[in-house]
Structure formats: C-alpha cells, structure tokens
Number of protein chains: 4
Amino acid sequence: MSWVSKGFLWISLCSFSFVLAIIIYVIFYFWMIPPTFYRMPMFFDFSSPYPVAVVSLPWKKFRYMNQLDGSLHLCFRESPRNMHIGMLKFTLEIWDNNDTIVYSRFRPTVLRYKDDLETKMETLTLFVFSLFGWTKRQQCQDLILLEYKETSDGFLRRCKDDLTVKVWINKADVEVYQSELLLKTRLRGIRHNMKHYKWTFSWICITSIWFWLFSVLFGCTLYLIG
Amino acid sequence: MSWVSKGFLWISLCSFSFVLAIIIYVIFYFWMIPPTFYRMPMFFDFSSPYPVAVVSLPWKKFRYMNQLDGSLHLCFRESPRNMHIGMLKFTLEIWDNNDTIVYSRFRPTVLRYKDDLETKMETLTLFVFSLFGWTKRQQCQDLILLEYKETSDGFLRRCKDDLTVKVWINKADVEVYQSELLLKTRLRGIRHNMKHYKWTFSWICITSIWFWLFSVLFGCTLYLIG
Amino acid sequence: MSWVSKGFLWISLCSFSFVLAIIIYVIFYFWMIPPTFYRMPMFFDFSSPYPVAVVSLPWKKFRYMNQLDGSLHLCFRESPRNMHIGMLKFTLEIWDNNDTIVYSRFRPTVLRYKDDLETKMETLTLFVFSLFGWTKRQQCQDLILLEYKETSDGFLRRCKDDLTVKVWINKADVEVYQSELLLKTRLRGIRHNMKHYKWTFSWICITSIWFWLFSVLFGCTLYLIG
Amino acid sequence: MSWVSKGFLWISLCSFSFVLAIIIYVIFYFWMIPPTFYRMPMFFDFSSPYPVAVVSLPWKKFRYMNQLDGSLHLCFRESPRNMHIGMLKFTLEIWDNNDTIVYSRFRPTVLRYKDDLETKMETLTLFVFSLFGWTKRQQCQDLILLEYKETSDGFLRRCKDDLTVKVWINKADVEVYQSELLLKTRLRGIRHNMKHYKWTFSWICITSIWFWLFSVLFGCTLYLIG
C-alpha cells in the first residue's frame, strides 16, 4: 500500500470513530439524565374554608433526585375583593405515604396596591388590548416555597414511595385565575456531575470512547489487510 | 394479440384494481372506525343549592374506546352578580351503573375582572353590534375536566354498562348562558392504529388489496382470453 | 560573583519574599475572618392574631462574634387600610435554646401620611412607571432593633447553642410587601483587631513575614552558592 | 551669656509656659466637666391602652448634676385621625429605684388645626418635595416637661441609684412619627461655676498655672546654666 492510501485510511478511521463516539455519548447521556423541570397545575378547592390543592410526586420520576427547588406561580384577579383581602398565606406541605409531613414552609404575600385613579388610567391606556381579550386584569407572583438548601437533608433520597404535595391558602375569598407549581430538581451522584460539569465530563467520556473505538477498528483493519 | 392491446389490457387492469382497492379500503375504514368526537349540551338544574347536570354515555358508543379527553365549554353572563361571585368549582363525576364513582375531577375558575369604566367603554364601542343582537355580554371558558393520561387506567375498557356523567357547580347563584361537554375519545387496539397512523396503515392495506385484486383479475383475464 | 549579579540576587529575593508575604497574609486574613453581614428574609405568619416571623441564628456562624447590630427592613403597602391602621409595634426577641429570652426590644412605627390629593397627584406623575410595573405603591422603613451598645453584655459570647430570633407585630391587619432582617456583627478578640485596624495589622504582619522569609531565603541562597 | 541670649531665653520660657498652661487647663476642664446635653429616643408601646415609653438615667452620668431641664420633642403625623383626636396629655414621671415617684409633671397639647382647603393648597405647594420624599406631613412640638426651677429641690443630689423616666400618653390612637427626650442638666458646686463663669474662671486658672510653671522652669534653667 502506498503512503497515500495509508494516510487516507488513517484519517477516515479517525473521523469515523470520533463521530461514532459522539453519537454513543449523546445516546448514553439522554438515557442517563431524566428531565429535571416539571410544571404542575394546581387546582385549589375553593369550596372549603381553607382551599387546598393536592399534587402527587411519583417516586419513579424523583428516583435519581436529591434536592428540590420549587415556586408557586399564581395569577391573581385584580378585583376589589382581592385588593382588600389583606395578607395571604400560602403553606406548602410534603406528605409521606405514611401520613407524616416531611417538609413544610409558608410564605406570606399581598397584591400590589393600585388606587382608583391608577386603575382608571390603566383601563383607558390598555382598553384596545382588553377589548380583544389580549390582556386581562391580573397580578402574577412567584412564591418560592422550596429551596435547594432547605431540602438538602435528603428526604427525597430516603423516601421509597410516592410523595404528596399540598398547598393551603388561609383565606377562601381569594380569587385566582390560575396557579402552577414549578419544580426544579438536582440529580444525585454521578448523574449530577454529568449534568452539572457537562463539558468536562463529555470531553473525558468522548475522548476515551474515541480512543477505544479507534484502537479496535485499527486493529481489525490491520488484521484484515494483512 | 398485438403488444399494443396487451399493454392496454395491462394498464387498464392495473388502474381498475387500484381504484377498487381504494374504494374497498375507504368503506372498510368507515365501517371500522366509529365517530370519536361528541358534543353534549349540559342543562344544569339551578333550583338546587348545588346545580348538577347529568348526561349518559351509552355503552354502545364507547365500546371500542379506552381513553377520554373532555372539556366543559361554558358561556357566563357578564353580570355584576357573576362578576362578584368569587371562585367557582366545577366537579365532574363519572358514575358506574352500580352507583360507584369511577372518576372524579374538579376545576376552579373565576370570571375575568372588568371594572366599571372598562365595561362602559366596551358598551360604547360595541353598541351598534349589541343593538342588532349580534353580540352579547358573555365570557366563554373551556374547563379541561378529563385528560387522556388521567383516564388511561382503563375504566372505559372494563365497563360493560352505560356510564353517567354528572357535573356539579358549588354555587347556585352563577348565571350561565349555555354549557356543553365536548368529548374526544381514543380508540382501542387495531382501531387506534388505523386512526392514528392513518397514512402508513392505509398505504399498506391499499397496496396489499391492490396486488391481490390485480393478481386475481389478471389470472381471470388470462384464463378468459385463453 | 560580580557585584551586578549580587545586587540582582538581592533585589529579586527581596521582591519575591515581599510578594509571597502579601499572598500569605491575604490567604490567612480570609481564612480567619468570617463574613459579618447577613440578610435574612422574614416571613410573617399573618393568619395568627399577632403575626410572628422566626429565623434561627446558627451558632456556627456566630462563633467568633460578640456584638450584633440589626435592623428590620420593611416595605409597607401604601393602601388605605395600612394608612389608617395607626401605630404599629415591632418586637424583636432573641431566644435561647432553653426557651429563655436573652434579648428583647420593640420599636413603634407608623406610615407616612399622604392625603387624597397628594396620592392622586403622585399617581398622575408616576403613571407611566407604574403601568410598566417599574414602581409600586410602598413605603420602606428601617427599624433599628439591635444595637452594638445594647448587645455588648456578651450573650453571644456565652451561648453555645443556636439562637432563635422572633419578630412580632401587634396588628394582624397590616400589609407588608416584603421584610428582611439585616444583621451586622462585630468579631471577637484578635479577629476584631484584624478587621478593624486592617491597615496597621496588615502592615505589621506583612513586614514580619517578609523579613522572616527573606532571611530564610537569603540564608539558603548563600549556603547553595557556597 | 550675652543679653541677647538672656532675652531670648526669657521670652521662650514665657511663651512655652503660657502654652503649656493653656493645654493643662483645657485637659483639666474636659476632665472635670461631663457632657450636659442628652438626646434620648422614646419608643412608646402603642399596643397598650396608655402608651408608655421608658428611659433609664444611669446614676454615673448624673453624678455631678443637681438640676434638670427637659423637653419632649414629638413629631405628630398630620392625619385626619390625629387632627380629630382632641386634647392629648403627656405625663412625665421620674421613678426612684425603690419604686417611688420623685417627680411628676404633665402637659396638655393639641395639633394645629388645618381645614381641607389649607391642606390641599399645602399639598399643591409642596408636591414636588413630597414626591421625592423630602418632606412629610407632620407637626413637630416641644413639650417642656422638666424645668430648672422645678427640679431645684435637689432630688438628683440625694439619689444614689439609677433613675427611670416614664412618659405616658392618655390616648392610644395618637400617631407619632418619632419622639425624643432632650435633657439639659446643670452641674453642682465648683463644676457649675467652671462651666457657667467660663471666661472668668479660665482666666484666673490659666494665669496662676502660667506663673507657677514659669517660676519653676526659670529656677531650673538658672540652676542648669549655673
């Protein structure tokens, strides 16, 4: 074989094994890393004196997680009743399967005050938009009810069953257009490193797969050519 | 026979059998696939403290179904009473023939708030339309009360009798122009595949029917011509 | 060795040991001095008649401290209810681990009064900003609840367990957008001197480290050169 | 020694001893005379029906005093409630360590009345300042609650322990932005004379120290020169 064909062989094997290594790593990555962001609509039962919304966290989803970060996204109706309702208290409780509370936090909140004049001027300014239903009178808030540092005692790691999230409101008169629980999780152990130190980890893995593949392919080629 | 007539015969048999195959498949398809979308008007009994509307789902219709997706379409009257009624709660229950609840979900909702000035300006703007009765003061909402993923435990598959859908409202003062239950269903087994992978399935079926027809017709023709 | 190389050696050793001394002192400084400013969000439980917010001061953080200076930063909602609520009383209590109060102070406060005309004119002036949500109707206050001179009796020095800070409000109707406890601490003993007389202390330390390093390095060099 | 050097010596000794005498007297003066003006913030406890503010007068500070002059500086919130609250009564009590009242005076007061038009015109005039928070609606008053002639019976001279000052308000609805107790004291005996007849006293003292210093220094110089 001339040196031209040898060089061509070398380069083609090199690039082929590199592309294959990347493909293998990408498949491996998405097989290993479960999704870590969840949006869960919360439906409060406003017929009871202390409205409550219940959402279950299936164990299967949170198997590889060890920390939770969550906020309650609420869109309040900007009505006089809501404006004068005073301080609200949202309590989040995470319940075990054995009916024990493993986590409990509350956050107080209140709507931004607008006086009559401001409301009227706003109405005049935004009238065209509200006529076609593009805007509505609302105030959206994000209440941070779960924090990484507070959930780091590992109740997620210990639990082997489904957890239940309950959110309570202390006043039944409050009017809410919609509410969602936004959950972000941190993975555990090797998975956390794979996700957090993405570039470092991928570089190490791809390189090692690449070298391994290349050596195998090169050996086979040499053996076949004789 | 000259090669011209042979070619003509060939082409005509080919096209005839293709058209026939399509006709056969279309008839077969509509015989197999029952309708999967239903509109059911809901008439609430507002004389009781908790207005309820009842609709029956006949077993015959839902024989081949295994999942339900449904929303309640409501048009609220935009009156001050409705505006100040606060949070409403719509509860959907599916009852068995043995008086057991097989499914139950609720959704809270509230009307979009409009203050006096906005209402007045809207009246002025839309006055011509409302004079001729082309528009009316209403707010329409779609409450999603049944979801595919939530109804996938197969209660539709197990049931052998008619089901009953009941929708409850927690406040009797609410004023509703009209309400409808919109149901979408997913079919079971082979029917689901026929509907879902429509083009793939139809292509395979039509091709195979076509070849079968063509071979039969061609054989018959050869036999007849001698 | 010529006098040129000797001088060069002398100067390079001098500057090298000086830079090294500075680096050593900076590392030592940041290892010795813990952070002395803390921001702690206070979440008042407004569902009780006397809203209370609880924050724990971990002993670990305050190990080297002996005096506390703290203020409660409050942003009141500028609503009619708040405007007419009258005098408020904020009480701060520091509780021991044995359920004994080691410190207790209260401060009265009231919102700045604005009459209707002023409010309306303000609304007109700031309308554009409030339309986009850049400003909101609030009055922020800083209530000084802990002072260096009052906490100098050394309860921080004596305590060996975590302390708990409780802040009480005497009226549950008050509406608060947000509240934070800002804590500044003074260090104890040598650490206090290091932080307070920064330049003097650093000058003395760096000089002594420098001379010590230089003498060691110079001795080694002489021994090596022979 | 020539007469030039003798004259020079004479003048230098003269001026040196004069400067030294002044320095000595100034040091002596500030060592003898304690501060006689105190500002003490008063924090009224508005949660009780008769709001009270308590301040302690440590005996150490008031050791050399024999008369007190004090006024309560109050900034009232110019709100409708305050405007219509009527006559207020502020009572000052000085309590002994043995729970006996050694002094008690009260002063009635009322806010300056402003009618609506005046308030509105004020608002219009001062609007720019109040928009940036440079002014606020308040009325400040000085209530003289302690007078020299009333405290001349010498309870300060007799007391050997800390005193406690209590200020009572007869109505809990009053709204106060801030309040301070401003205390001026008169010294006792020689200290009083030193402070009161400052120039006469200092002239006599400085002259006598000067002569004494000069004679000592001159004697020493003569002895040294021989």
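Start by selecting B:Thr91: across from it, in strand 5 of chain B, stands B:Phe106. You're looking at a predicted model, where local features need pLDDT of at least 70, side-chain atom pairs count only at pLDDT 80 or more, and totals for chains, interfaces and linings use all residues. Residues are numbered from 1 along each chain as its sequence is written, chains are lettered from A and ligands numbered from 1 in the order in which they are written, and side-chain values use heavy atoms, with hydrogens and water left out.

Now color strand 4 (residues 88-95) of chain B: eight bridges tie it to strand 5, and the two run antiparallel. (Strands are DSSP runs of E, at least two residues, numbered from the N terminus; two strands pair if DSSP finds at least two bridges between them.) Zoom out to see four strands of chain B in an open, antiparallel sheet, ordered 2-7-4-5.

Next, show chains A and B together. Chain A puts 25 residues into the contact and chain B puts in 21 (contact means heavy atoms within 4.5 Å). About 2,100 Å² is buried between them, counted as the accessible area (1.4 Å probe) that two parts lose on being put together, summed over both. Pick out A:Phe43, A:Arg77 and A:Phe127, which supply 27% of the area chain A buries here, more than any other three residues.

Then select B:Lys89 and A:Asp45, whose side chains form a salt bridge at 3.0 Å, N to O (a side-chain nitrogen of Lys or Arg within 4 Å of a carboxyl oxygen of Asp or Glu).

Last stop, chain D: no contact joins it to chain A, and their closest C-alpha atoms lie 16 Å apart.
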